[in-house]
Amino acid sequence: MMDFRELSRLNRRDMLRGTAMLGAGAAFMQPVPLWAQSGTMTDIRKAAEAGKDASIKRIRDWIALPSIAAENRSMPEGAAYMAELARDAGFTNVEIVPTDGHPGVFGTIDVGAPRTLGIYFMYDVKQFDPAEWSSPPLEGKMVERPGFGQAIMGRGAVNQKGPEATFLAALHAIRAAGRKLPVNIVLVCEGEEEIGSPHFRQIATKPNILAALKKCEGIFIPFASQGKTGNVTVNLGSKGIIELELIASGAKWGRGPKGDVHSSLKAMVDSPAWRLVQALQTLVTPDGNKPAIEGWFENVRPLTDREKALIREAAKAGDEAQQKAALGVTHWIDNLSYDDALIRLAQEPTVNIEGLVAGYTGPGGKTVLPGKAVAKLDLRLVPNQTRAEAEKKLRAHLDKHGFTDVEVNVSGGYDPTEVAEDSRLVRSELATYKKLGIATSLNPRMAGSWPGSTFTAPPVSIPAAHFGIGHGSGAHAPDEYFLIDSTNPKVAGLVDATMGFAEFLYVLASIK
């Protein structure tokens, strides 16, 4: 919901870079292994360069197939194409996994290695309006992005097809170089991430998939982590999310009209739209900045003093003015200082209105009293909140305040994710970034969401994180892009990002 359901023209990861933490990684470095001293990486790079055109075509062809779960658009085709990509990259036992919703995809590569790595993919993308784009969103055209270079533009380019296809490019390059993968790989993919992964647990806990996942050192989602400085933030967790609709209607309420009526009748007819507004007002404090749902904070784990100190230290190196400009804001919430705003970003659960719909919203006026009003909400959760707890408390709150008629339709969501910084997965990430000469920093919790808790919680119970270099932006927004040919020496283009994934596989295989 990689995240992943964020700001309209800002990649969620761009915002989170402002929360970059204290530099880390050196303490976890091991002696350079034999594979790094040989010609292995040289051979793989040659293969990656030779396969670059095929890699670009892979991304472009994937962009041309928009599987949009929210619209039930091309979902069987998306799963079938994902399975084809997996087989082409060397995965065996590939299967399309049915769920109560849209299907997932599973596959493995078993080379008999001592260690196994999990990889999480999503094949679905967000909705789009072609009229808002400067380039057709399904054509994958090459465009110039100032300060970065040539990029491929299209829906799903960075969230997540570009990074995912780049990981597949690394598998192709290793095989083309005649090298053996240093780790076994388990691929788990879903087609409902952009609607809150409502059925993903069914995939991850299918007996054969669960058995494969439990053998993994950890699992990661590929992403393009670099901004203009080239620095990377390693996130040690992410917020959970619930996506839902609140619906007030005359039919359910027993008051007001069952359908739209003339607005002159408001003098003697109740309004479901105002009913919804009144219900919404009870969910937050008067300024809208803090949840007011009963018991909402009773299980919230505050950031530790160390985590807060790391955020304050990182704020010194952050670019507050640039971040405000990118977001189109002039003040942080409650007029907080930059470091306090960053602490709040990581620490606080939220109740957000994504959209409000009632009656007529077209050109001009239309004097109606709507019979129904709908609010789309997302609720961001922090440790130790859970989705189940939050849903129960929301319903109880509405009932307590007399809104038993207001419907709560949950479409998806999951718990927060946390990963230990001393896990082999995170240590391998830090060691890889250092080997690549990329400055890293630790972030205790990213404000965006992804279904990593499916892996970190029982019965899977393995570390889950993000990894990748390269650049892209515009997730969920018009003009989404993924960098192919970098003109910024600090930022990886397609081939270098491919090599980043290859390096990670070898580091994970060798780190103690």
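Okay, let's start with helix 11 and helix 13: they cross in a right-handed way, where right-handed means the near helix is turned clockwise from the far one by less than a right angle, and left-handed means anticlockwise. The contact comes from Lys308, Ile311, Arg312 and Ala315 on helix 11, and from Tyr338, Asp339, Asp340, Leu342, Ile343, Ala346 and Gln347 on helix 13; contact here is heavy atoms within 4.5 Å. Sorted by class, that's six nonpolar, one polar and four charged residues. For the classes, Ala, Val, Leu, Ile, Met, Phe, Trp, Tyr, Cys and Pro count as nonpolar, Asp, Glu, Lys and Arg as charged, and the others, Gly among them, as polar.

Quick caveat: this is a predicted model, with local features needing pLDDT of at least 70 and side-chain atom pairs pLDDT 80 or more, while totals for chains, interfaces and linings use all residues. Numbering starts from 1 along each chain as its sequence is written, and side-chain values use heavy atoms, leaving out hydrogens and water.

Back to that pair. Helix 11 (residues 305-317) and helix 13 (residues 338-347) pack at about 135°, axes 9 Å apart. Axes are lines fitted to C-alpha atoms, for helices over the stretch in contact, and angles run from 0 to 180 degrees between N-to-C directions. The two are therefore oblique: under 35 degrees is roughly parallel, over 145 roughly antiparallel, 65 to 115 roughly perpendicular, and the rest oblique. Helices (H or I, at least four residues) and strands (E, at least two) are DSSP runs, numbered from the N terminus.

Now compare helix 4 (residues 52-63) and helix 5 (residues 75-88), whose axes come within 11 Å and cross at roughly 165°. That makes helix 4 roughly antiparallel to helix 5. Their crossing is left-handed.

Strand 19 is joined to strand 20 (residues 481-486) by two bridges, and Ser473 has Tyr481 as its bridge partner in strand 20.

Take Tyr120 and Phe200: centres 5.4 Å apart, planes at 75°, so edge-to-face.

Key
Two strands pair if DSSP finds at least two bridges between them. Rings of Phe, Tyr and Trp (its six-membered ring) pair if their centres lie within 6.5 Å; planes under 30 degrees apart count as stacked, over 60 as edge-to-face and the rest as tilted.
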